[in-house]
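Let's take a walk through the charged pairs in this one. Keep the sequence at hand and follow along.

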Amino acid sequence: MSLLQELGAQLRATSDELPTGLVTAAMERLRNATEILNWVREQSVDDLGVPMLGNATEHAERAAAAVRAAQDAIEAYLAAVGLAGTPGAAPGQEWRAALREDETPRAEAPGAAEKPETLGPWWQQRVAQLTGEPAPEKQQPPEKTGTPELLRRVAAGVRAGDRARLGRELHAVTASTGLGLSAVTAPVLHRLAGDLLGHDPRPEDVPRLRSAAESRVKALLPGTSPAVLETLISRICRAPVKEQPPPAGEAQDTGTHPADNAVTASVLTGVLLARLGRDAASLNPDAPEPVRRRPEADEDRR
């Protein structure tokens, strides 16, 4: 290996080690927390820390942009010295980091029992509104399922086109597990969209992604607002998020329910997987790199 090739290998390794997935996940968690607080503050005169979360989200967005700029600069330099990546090679692997279960041990007092959530059944109520599938009459204790595993289960239900199964999987978890879908899905959606399009998603790709996903998402989530899907697709393509006017005869919505983005993002993940001809097992962080398909071969895939 020549000195130039060794330098190129080191630069590429450095680019791969940049915490793109972690920064993106942190940014989505902050956005999700802001949405929850905005929803809660409607019943309170207290700001509840929303301005501080807004500042933190802005810092995270700048960090994500800086990481992406560094990666782009490295790629441009490698291309200039003749060491550009192989055409069609797999992009970054940040989606794998997002799908790994958090194994950080939690410090608990000796003999302390795990406390159940005390926010009421609002998660199940919203899931029922989004999916049209009521919660089971006999409520079982929520499963201790991690968010990545929940995403794989939801994706499997979407791939099968089974709305009842989708509802059961979402009803069976706690609100904290379900809301975690917002953060976990962000890098995964960007990766899947890139595979479907054949290139990194761009603002001009918004109509194509909307056309590929809109009907399936609406069929599985009849209660979701079109504005939620539009916002998700705009974020995937890094396009400005446009304000959606309310349907004729309806009042302006005061804010998106915090469960909407989480549930819709997980269903969108399953829809893109189906378009690519992949199953939920490909969302395992240790799964082998999937074979890339030509985008035109998936135009008619449902």
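Glu-149 counts as partly exposed because its relative accessibility is 28%, while Arg-152, at 15%, counts as buried (buried is under 20% relative accessible area, exposed is over 50%, and partly exposed is in between, using a 1.4 Å probe and protein chains only). These two form a salt bridge, with their closest N and O atoms 3.3 Å apart; the term means a side-chain nitrogen of Lys or Arg within 4 Å of a carboxyl oxygen of Asp or Glu. Both sit in helix α6 (residues 147-160), 3 residues apart, or about one turn of the helix. Helices here are DSSP runs (H or I, at least four residues), numbered from the N terminus.

A quick word on the ground rules: this is a predicted model, so local features need pLDDT of at least 70 and side-chain atom pairs count only at pLDDT 80 or more, while totals for chains, interfaces and linings use all residues. Residues are numbered from 1 along each chain as its sequence is written, and side-chain values use heavy atoms, leaving out hydrogens and water.

Now hop over to helix α9 (residues 181-197), where Arg-191 and Asp-195 lie 4 residues apart, about one turn of the helix. They form a salt bridge too, with the closest N and O atoms 3.4 Å apart, and both residues are buried.

Next up, Arg-210 pairs with Glu-230 in a salt bridge, at 2.7 Å between the closest N and O atoms. This one links distant parts of the chain, 20 residues apart: Arg-210 is in helix α10 (residues 206-220) and Glu-230 is in helix α11 (residues 226-236). Arg-210, at 26% relative accessibility, counts as partly exposed, whereas Glu-230, at 17%, counts as buried.

Back to where we started: salt bridges with shared partners join Glu-149, Arg-152, Arg-153 and Glu-169 into one network. Altogether, the structure holds 10 salt bridges.

Definitions and conventions
Helix = DSSP H or I, 4+ residues; strand = E, 2+ residues; numbered from the N terminus.
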